[in-house]
Each structure stands twice: as C-alpha cells, then as structure tokens.
Amino acid sequence: MASSLFHPSPLPKPTPHHHRATTKINHRQTPIIKCTSSSSPTFDSSSLTNNATTPTTPVPKSPSPESPAEAKHRRPAEENIREEARRHSSAHNFSARYVPFNSLPHSNESYSLDEIVYRSRSGSLLDVQHDMAALKQFDGNYWRSLFDSRVGKTTWPYGSGVWSKKEWVLPEIDSDDIVSAFEGNSNLFWAERFGKQFLGMNDLWVKHCGISHTGSFKDLGMTVLVSQVNRLRKMKRPVVGVGCASTGDTSAALSAYCAAAGIPSIVFLPANRISIAQLVQPIANGAFVLSIDTDFDGCMKLIREVTSELPIYLANSLNSLRLEGQETAAIEILQQFDWEVPDWVIIPGGNLGNIYAFYKGFKICEELRLVDRIPRLVCAQAANANPLYLHYKSGWGEFKPVKANTTFASAIQIGDPVSIDRAVFALKNSNGIVEEATEEELMDAMAQADSTGMFICPHTGVALTALIKLRNSGVIGPTDRTVVVSTAHGLKFTQSKIDYHSKEIKDMACRYANPPVQVKASYGTVMDVLRDYLKITPKF
Ligand SMILES: Cc1ncc(COP(=O)(O)O)c(C=O)c1O
Ligand SMILES: N[C@@H](CCOP(=O)(O)O)C(=O)O
C-alpha cells in the first residue's frame, strides 16, 4: 500500500577538455578596468577613438574589485535596496520589441513590449528581438565580466540570476517595477556517482532549475512576465489580472509572483491531473483557481479564448516574454563552466517553450561572442505524450497533435504544444535530437538518480532516460560534457515515488524500489534484521 511507507558549493573543477571550443578572455584587448557592480553598462568616453576612419567601437569598462573603502560602504538605514538601485541607475540605449517568430528579413512588423499582443498579424508566434547592434557595442569580454560581477550579491535587481542579465532580458523596464524573488543562480550539480555508476561518464552535470522559489524553472520566466504586468498596470493599461492554463508549475509561479506584487491571478487546472503539492501552491498564494474537467490542452484552449475577451494578461509561454527569463538558465550554465560550452544539454519538453528558451540563451552568447559555438540540444518527452518525438521521427513531416495519455511526468502531459514551431527551429539549428521515455524507463531513471543522492522529479527522469539511451547507443560519449536540465523539485512529486517504492504500479517491476522494512519493537528482531542486511554473522 502507498500509505505503508509512512507507518511508524564550490563546484568540483571540471576535467579540462582539449577539444572543447572556448572563447578565452584576452586581457591585452581590454585595457580599461573600471565599473561598479550595481550599475548598467556605460561607455567610458575616454576610450572612444578620435580617428574618424576607425570604427568607433567603445571599449567597455570591466568590473574591478572594490577598494577597501567602497567595500565598507553601506546604504543608509532608512533606504531599502530598491531605493539604492534608483540612485545608481544610469542611461543606456538597449531596447527590445516583439517581432513575428522566424520572420523574413524584410518584415517590418513589430510591436512595443508595452503592447498586449501574443500573436503576429498572420497568427504566428511572436519573439522578443533585442537591438543587437546596441548590445554588440560591447564585446564578449565585457558581458562576461559584467555578469560575473553580479553573481552572489544582494544588489537590486541583479541578485536575481535572471535580472543579473537585465540588459538581455527586459532592458527598458525600470528596476522599480521588477517583481523578483532573486530566482535563478541555481546549482549546477556534478552528478559524479550517477555518471560513473550508471553511464561510465565523468563529466555529467544536472542543472537544478527546480531548486527555486516555487520549485520549478517557471520562476525564471514568471519574474519577467509579472514585472512587465506591474509596469503595464502602473501605466494604466487595462490589465485586471493575469491568467494561465497549467499542469501545476506555471500556476504555482504565476500565483507566487502575482501575490508578491498584489496582482490578481487566475489559474485553469486540469481536474485530478496535477499533484497535491502543486495544487496547494496557487491556493495558498491566493489565486482564483478553476479546476476544470478537461486535460491541459483543453485548459489552454479555454484560457486563450478567455484572455482574448477579458482584460486578463496571458501568462503561458505562448507569451514570448516568459522565454526571455527562461533563457537565462542557458547563459548561467555557460557562466558556471567559466564560459566553456558543454557538448550536450538535455531538456524535458511539454508545451515546448523551454527548449527554445535554452536555444535562444546559447545563441545570444554566441552572437555576442561570449562563446564560439552552442551545445547540441536534446528534447526528451514522455512516450505517453510525445507529439514532438513522433514529428522528429517522421523526418519533420506534417506535425500532428496527439491525445496525451496519463504519465507520471504529469507536468508534460501535453499533446498539442503551443511552441511546436519554436522547438523545431531550436532543434534544427542545434543539430538536436528528440528522445522519448516509457513510464517504466522514466521511473527507473528517477529512482536510480535518487539512489545516488538526488531527489528529482519524473520529468528529469524523462531527460535522464534520453541520456541513458543516447549513451547506450554511443551517440553521447563517455567524456562528453553533458548537462541534464532538472525542471522541478522532487518534493512536488512525492506520490509517484511512494507508488514506485511501494511497488504499487501495475505492470511495472519497480527494479530500484527500496521499501521500508516493518520490524517489531524488540532488540533481538532489530539486531537480526540488521545482521542480515549487513551480512554480519553473529558471534556466539
Ligand atoms: C516540471 C516541468 N518540466 C518540463 C516542462 C516542459 O517545459 P515546456 O513546456 O517549456 O516544454 C514543464 C512544463 O511544461 C514542467 O512543468
Ligand atoms: N508544465 C507547464 C505547462 C504549461 O507550460 P507553459 O510554459 O506554456 O506555461 C505548467 O506547469 O503549467
């Protein structure tokens, strides 16, 4: 019985890869060292050349260690960190706008981020496009140094892993309007034992995006979206609340960030298809929760219809603002490897926004010359909800949505993903692969990972299954630096672990189950059980 279970850093230095392409800092090319950790990038006019024939590329200032006097400085007691940030704010010329996703070069359709728009004129997806010319005025070394200087601080808003990349996320938002829980900066865990024991790998890493404010990577996108809503409401735009359809994680993040900002949130959940831990999150955070007798795809259809009629802002990843925050996880991975590029990144996919967000994050680092290549991406799906996998296997023929069946990876039980076009684009442009995991495979992989000290969610089990398959077929080599993206905290999905370890699952061997042993409260019995377990023969 399920209930029977309840009776009674510093990261290791990665092995150097001689073949790994890196963009190393050339100190001789960046002579000027001057900047404060809390300021936006500014030009040092003394470094501009007077020679009209030479391109007037400004030489960026790089952060320098604080002097002892600066290090002692504290803001006045009556000032909070937002107010302190206001004092430090400086002008820049970075900007971003919405454009149709993958639009033709001559398209001139674009929208301000202050408009409420989710689709292009032709009905296609939108994308946030940054003014790359403005960003390119600074070289890769500048951006690496700036981002590195902000890690681990409490400076508003850069203490957040998302807002530490503010210039690449929402450059124009006032720091005052930002709603942040200092999300991001998640652990990149060296999976030493799992890698060695199950895969013969020595450079396997798990990016723990689920060890986060609401327990999933959705926080990364939601801080951006809710901050923009906060700005729109201050601008008196007609937004009475924010709404989403959800398999449990988007709704948790939306409710938490809205509650922090005092903005009403409305969530559409598929009845009886999300975990209790996920359901209680929006309830506790004061969201208006509709439990609807349909699946996620049904909820998604409803929220799209409702948000086109009512002044409710749409918070699903159909809204491309979300992806601007999620892409920072990719940038963070590069940063955590000291700007070395891993060979593979494996991501579980459902509504398929995140795979594109990772692609965008890696791509902007390549374009702005922080690195000189991008990793190969793998998208992993549950076999019970695998429309992308089928599409990939068909050689990217005609895309056909599926009816998603029940899966332990309930947050990716999605048959008609809104970001299918974005995912295909990301995979085609990263020499990517799609894999799938049966229920038994994903649950075994989750149990194996847990047995080496992790506590992952079933979706991460899907990603690990993809890794196991690609490793067994030799596609991923034993020394390839590989990152598996863990998308949610295992504590949100304890029932699946209880079922597995109780061997309660129909047609599943539960090979790695570790159920508790029921023992009588007697010294002799306990000693017998322990001797048996430890294989110690009694001395008489
Ligand atoms: C825990 C978890 N993992 C993975 C995903 C898949 O992300 P995406 O929908 O962006 O593909 C989701 C949501 O869909 C999720 O909640
Ligand atoms: N897993 C998601 C599904 C919706 O995805 P989104 O990224 O489009 O919001 C969830 O937790 O709801």
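The following questions and answers cover strand pairing and helix packing in a predicted model.

Colleague: In the open sheet of 3 strands, what is the order of the strands?

Modeller: Strand 1 (residues 96–100) pairs with strand 2 in the antiparallel sense over 2 bridges. Strand 1 also pairs with strand 3, again antiparallel, over 5 bridges. Strand 2 (111–112) and strand 3 (126–130) are the edge strands, each pairing on one side only. The order is therefore 2-1-3.

Colleague: Which residue of strand 3 stands opposite Ala96?

Modeller: Strand 1 and strand 3 are joined in the antiparallel sense by 5 bridges. In this pairing, the residue of strand 3 opposite Ala96 is His130.

Colleague: And which residue in strand 2 stands opposite Tyr98?

Modeller: Strand 1 and strand 2 pair over 2 bridges, antiparallel. The residue of strand 2 that faces Tyr98 across this pairing is Tyr111.

Colleague: Is strand 1 largely enclosed or largely open, and how many of its residues are buried?

Modeller: A residue counts as buried when its relative accessible area is under 20%. Strand 1 has 5 residues, and enough of them are buried that the rest of the structure largely encloses the strand. The number buried is 4.

Colleague: Which strands stand at the edges of the open sheet of 6 strands?

Modeller: This sheet has mixed pairing and the order 4-5-13-10-11-12.

Colleague: Are helix 12 and helix 13 parallel or oblique to each other?

Modeller: Helix 12 (residues 328–336) packs on helix 13 (residues 353–367) at an angle of about 50°, with the axes 6 Å apart. Angles under 35 degrees would count as roughly parallel, and roughly perpendicular begins at 65. The pair is therefore oblique.

Colleague: How many nonpolar, polar and charged residues are in the contact of helix 12 with helix 13?

Modeller: Helix 12 contributes Ala329, Ala330, Ile331, Ile333 and Leu334, which meet Phe358, Gly361, Phe362, Ile364 and Cys365 in helix 13. By class, these residues are 9 nonpolar, 1 polar and no charged.

Colleague: Is the crossing of helix 6 and helix 16 left-handed or right-handed?

Modeller: Helix 6 (residues 192–199) and helix 16 (residues 439–451) pack at about 125°, with their axes 9 Å apart. Helix 6 and helix 16 are therefore oblique to each other. The crossing is right-handed.

Colleague: How many charged residues does the contact of helix 6 with helix 16 have?

Modeller: Arg193, Phe194 and Phe198 in helix 6 meet Ala445, Gln448, Ala449 and Ser451 in helix 16. Arg counts as charged. Besides 4 nonpolar and 2 polar residues, the number of charged residues in this contact is 1.

Note on methods:
Residues are numbered from 1 along each chain as its sequence is written. Chains are lettered from A and ligands numbered from 1 in the order in which they are written. This is a predicted model: local features need pLDDT of at least 70, side-chain atom pairs count only at pLDDT 80 or more; totals for chains, interfaces and linings use all residues. Side-chain values use heavy atoms; hydrogens and water are left out. Axes are lines fitted to C-alpha atoms, for helices over the stretch in contact, and angles run from 0 to 180 degrees between N-to-C directions. Angles under 35 degrees count as roughly parallel, over 145 as roughly antiparallel, 65 to 115 as roughly perpendicular and the rest as oblique. Contact means heavy atoms within 4.5 Å. Buried means under 20% relative accessible area, exposed over 50%, partly exposed in between (1.4 Å probe, protein chains only). A crossing is left-handed if the near helix is turned anticlockwise from the far one by less than a right angle, and right-handed if clockwise.
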